[in-house]
Amino acid sequence: MSRSNDFTLAEALSAYLETSGLAEGARWHYLQTHWAEVVGPAIAKETAEVVFDKGVCTLRIKSATWRHQLQWQKTDLLARLNEALGRPLIQELHIR
């Protein structure tokens, strides 16, 4: 017995997260728990802290050498982060 308004559990959960305002938090949580997969193991190893606040992602990097290298990769890294989030939630990327 199929109806035109039947939803899968995943669709229903996704709709609930969007309408309740919890979707953005779930996306940030996904990014934090999959950090090494998104940025790669080398960058993940050098990342001391990741903070998300109002469209700004701030990375605290352990070494000056890596901070400098990541400045050159900033555009690519920002694109990868937003792709992992499923939408462009990060407007600025600060590397410290």
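Colleague: In E3, which residue is the bridge partner of Cys57?

Modeller: This is a predicted model: local features need pLDDT of at least 70, side-chain atom pairs count only at pLDDT 80 or more, and totals for chains, interfaces and linings use all residues. Residues are numbered from 1 along each chain as its sequence is written, and side-chain values use heavy atoms, leaving out hydrogens and water. E2 and strand E3 (residues 92-95) pair in the parallel sense over four bridges. In E3, Cys57 has as its bridge partner Leu93.

Colleague: What counts as a strand, and how many bridges join E1 to E2?

Modeller: Strands (E, at least two residues) and helices (H or I, at least four) are DSSP runs, numbered from the N terminus. Two strands pair if DSSP finds at least two bridges between them. E1 and E2 run antiparallel, and the number of bridges joining them is six.

Colleague: Which residue in E2 does Phe52 stand opposite?

Modeller: E1 and E2 form a hairpin with two residues between them. Across it, Phe52 faces Cys57.

Colleague: What is the phi of Lys54, and is its side buried or exposed?

Modeller: Lys54 lies in the loop between E1 and E2. Buried means under 20% relative accessible area, exposed over 50%, and partly exposed in between (1.4 Å probe, protein chains only). At 77%, Lys54 is exposed. Most residues other than glycine have a negative phi, whereas the phi of Lys54 is positive, near 50 degrees.

Colleague: How many salt bridges does a search of the whole structure find?

Modeller: A salt bridge is a side-chain nitrogen of Lys or Arg within 4 Å of a carboxyl oxygen of Asp or Glu. Searching the whole structure gives a count of two.

Colleague: With which residue does Arg60 form a salt bridge?

Modeller: The closest N and O atoms of Arg60 and its partner Glu49 are 3.3 Å apart. Arg60 lies in strand E2 (residues 56-61) and Glu49 in strand E1 (residues 47-53), so the pair ties together parts eleven residues apart in sequence. Arg60 is partly exposed at 44%.

Colleague: Why are Asp76 and Arg80 separated by about one helical turn?

Modeller: Their side chains meet in a salt bridge (3.4 Å, N to O). Asp76 is partly exposed at 44%, and Arg80 is partly exposed at 25%. The separation is about one turn because Asp76 and Arg80 are four residues apart in helix H6.

Colleague: Leaving aside neighbours within four places in sequence, which residues is Gln73 in contact with?

Modeller: Gln73 sits in the loop between helix H5 (64-72) and helix H6 (74-85). Gln73 is partly exposed, at 24% relative accessibility. Contact means heavy atoms within 4.5 Å. By that test, and with those neighbours set aside, the partners of Gln73 are Ile43 and Arg80.

Colleague: How many Å apart in space are Gln73 and Gly86?

Modeller: In sequence, Gln73 and Gly86 are 13 residues apart. C-alpha to C-alpha, their separation in space is 20 Å.

Colleague: How many Å apart are the end C-alpha atoms of H1?

Modeller: The expected span of a helix is 1.5 Å times one less than its number of residues. The twelve residues of H1 should therefore span 16 Å. The end C-alpha atoms agree, lying apart by 16 Å.

Colleague: Which residue follows H1, with a positive phi?

Modeller: Helix H1 covers residues 9-20. The residue after H1 has a phi near 85 degrees, and that residue is Gly21.
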